Amino acid sequence: MKLCGYAGKVLDIQLDGEKVVWKTEPLEEKILRRLIGGRGYGAYLLYRLAGPTVKPLDPANPVILSTGPLTGTPLAGSKFVSITKSPLTGLFLDSYSGGELAGEIKYAGYDHIVIRGRCAFPSYLYIENGKIELRDASHLWGQSALDTEETLKKELGSEAKILVTGPAGENLVPFACVCTDYYHQSGRGGVGAVMGSKNLKAVAVRGSGGITLADSAGLERFRLYLIEKFKKSNYGELRVKYGTTYTTVSVSSIGVLPTRNFQQGTFEGIEKINCFTMKEKIWESDHGCLGCQAPCMNFVRGRKGKVRVAGPEYETIALLGSNVGVDDIEAVAWFNELCDAYGVDTISCGNVIAFAMECYERGLLDQKTTDGLDLRFGNAEAVGALIPKIAKREGFGNWLADGVRKAAERIGKGSEHFSIHVKGMEIPGYEPRGAYPMGLAYATATRGGCHRRAKPVEIPKNRFQYDNFGYQGNAEMVKKLQDAREPIHCGILCDALLRFCFEADMKDVADMYRMVVGWEDISAQELSTLAERVYTLTRCYNVREGTRRKDDTLPPRFLHDPLPDGPGKGKIMGDDTLNRMLDEYYDLRGWDRRTGVPTPETIRRLDLEEIVGSLPE
Amino acid sequence: MTNDRRRYIESNPQNCSGCRLCELVCSTKHNPGMTNSKKARIRVMIEHRENKNDPRVCRQCPEHPCLEACPVEAIRIPPGRGIPIVEAEVCTGCRACVEACPGGFMYFDEDANAALKCDFCGGDPECVKNCPQNAIFVKTAE
């Protein structure tokens, strides 16, 4: 049977100096339904292509742009995922992005685009259906991500969808992002640096083919059903009105808002940077990704029109607002635009600047080292000056440009106690001392300090039995929340839209696969197993790189220091709580308690034997 | 020309979020079993940095410059419809109509090598039904 939804091909590109060599391969039917697409199939490709001998910035490390069978269909917002070995963590990285590129990759006839090798000089890839060309990008090198895209759109026409890296990627900053449609990013983990290491400034895609649908009449009815669900949902309307920024309200009420490098969980200036202030002072209009009914992106203008950006999202407000002590929404929008232009992840960038500020306030750094910058918390001009210096590795910027883990190694003097990262990836906008399950989510996320696999903060007690300041029930909740996202991340649709606006359950997702692909017998149960399989596959990747139980931990500040404010005031999580959560978590996942390595029985149960082979102890 | 009052799709660009759902559902309506915004008869022109989203679709103007321009009579007004329709089988792909449309509202399907023009879905346009932002609506000319 011909499967609908899929384009059916992997485009395998090898950059070879001044030329490009490429071939296409059909999707492997034998494993297709076991991994579906997106994160699942992409993880398989990375597992096969980038073993322990491949370093993140080696030419052999691939950048894999993955879509799934649901991508580009009129069901919900479409996404693609950039998969590579992360230069920030050295581990598995999947970083998602909205915008329009996802659909275009499918229109061009591919489900996954794999890019390996290195160009002899700055170049960009032009992909139009079956035509693959390597083109000179010397006129774009050094340009901001925003300007690069604008120049390429002028050269190629507005129908080309473009992925670019900014100056930070060129300078191999390991938290450099890649941008598409100007304001959408695969933000985390340094995909931009991997592109930069290949001398690859951009990838432009244009396609004219379509995506087949197994049951388009059924899908039409299903869309109406989703729209009804959207109208009845609890968060749909808020999502459109405020986007992710609405999170500012909930996190400050429960005291988990990162403030001054995670020294506090509440911020006295929150009202000047929350969603209401954003809406009132700088908001201009909403913008949506391809096929999305709930446009959650806010286009804003600030600083007398000088700043224009789609954003800031909640994470940017938290990490480049409260976490650096800045209480001015227009300044946060400015930082956002700088990060987008220079091509750095706002979460990691906010962390590393906040870390430098704490070092400065504690006297571990002085103005001689910081190039004269007064790095006290709240100094917005200093933050704005540091972002370009980091991206360009200029002066003190270079101290911070390799992420917070490396910065703490360089500064020393006990600063590693408050270098806030897991496995090298800086922590996003949720203080785990006010929500212990979030600590487990950070410790067990495959890409490191990440909130996009599970975000167990403010979960209603009628959904899960858990202990916000203890351990009981937390492991089961975290695992279930992680697993809920996997089938959507294999799709790939927007998980936020599906969960908040459509309140979709696993059965709804199974229905989507049935109507798009034509898998008549796919069930919610099968997708639950898929979720476990994909989660364990990415764990196996990290295990092969050396990750063990000892690495599934949290920054010392989170484990040993009490939170000074908010509902979690005075609580200390401690090693014991984390260890109890981890024990239960490994048991639920079928990973060895002692090592954190998936057991042979688990590998067998999840049908992963032929993919992962035998794992080290 | 018929004496019927002219009905067409009008846009309110300020409301548009640029999601292109109109393009996706238009393409599926006219090509059952697939979706492809490159086959849509409505297109959203997006200027991200200027924050402009503009849904652009045929206004069903009474002058029919598209029909006049077609050298092979691939654009005709079927009896009782009152609006010109592109017959893809007859279209040779010369794009004269695309050039002739003063609003730039005609598009081209490279895959099928044929011009694309809004056919108003026989009276109940799919794009209008599906727009989450009410950025497009049916208008009756006075």
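Reader: Which strand of chain B is joined by 2 bridges to strand E13 (residues 211-212) of chain A?

Author: This is a predicted model, in which local features need pLDDT of at least 70 and side-chain atom pairs count only at pLDDT 80 or more, while totals for chains, interfaces and linings use all residues. Residues are numbered from 1 along each chain as its sequence is written, and chains are lettered from A and ligands numbered from 1 in the order in which they are written. Strands (E, at least two residues) and helices (H or I, at least four) are DSSP runs numbered from the N terminus, and two strands pair if DSSP finds at least two bridges between them. The strands here run antiparallel, and the one joined to E13(A) is E2(B).

Reader: Which element gives the largest share of the side of chain B that touches chain A?

Author: Two residues are in contact if their C-beta atoms, placed from the backbone, lie within 7 Å. In these terms, 23 residues of chain B are in contact with 30 residues of chain A. Two or more residues of that side come from each of helix H1 (21-30) and strand E2 (34-35) of chain B. The largest share, 4 residues, is given by H1(B).

Reader: What radius of gyration does chain B have?

Author: The radius is taken over C-alpha atoms, and the globule rule is 2.2 Å times the number of residues to the power 0.38. With 142 residues, a compact globule would therefore be near 14 Å, which agrees with the value for chain B, 15 Å.

Reader: Which residues of helix H14 (380-392) of chain A are buried?

Author: A residue is buried if 20 or more other C-beta atoms lie within 10 Å of its own, exposed if 12 or fewer, and partly exposed in between, with C-beta atoms placed from the backbone. The buried residues of H14(A) pack against helices H5 (167-170), H12 (329-342), H13 (346-361) and H15 (397-400) of chain A. They are Ala382(A), Val383(A), Leu386(A), Ile387(A), Lys389(A), Ile390(A) and Ala391(A).

Reader: Which residues touch the most other members of the largest nonpolar core?

Author: A nonpolar core is a set of buried Ala, Val, Leu, Ile, Met, Phe, Trp, Tyr and Cys residues joined through C-beta atoms within 7 Å. Beyond its neighbours within four places in sequence, Val344(A) has contacts including Ile387(A), Ile390(A) and Ala391(A). Of the 245 residues in the largest core, those that touch the most other members are Ala204(A), Val344(A), Ile387(A) and Leu497(A).
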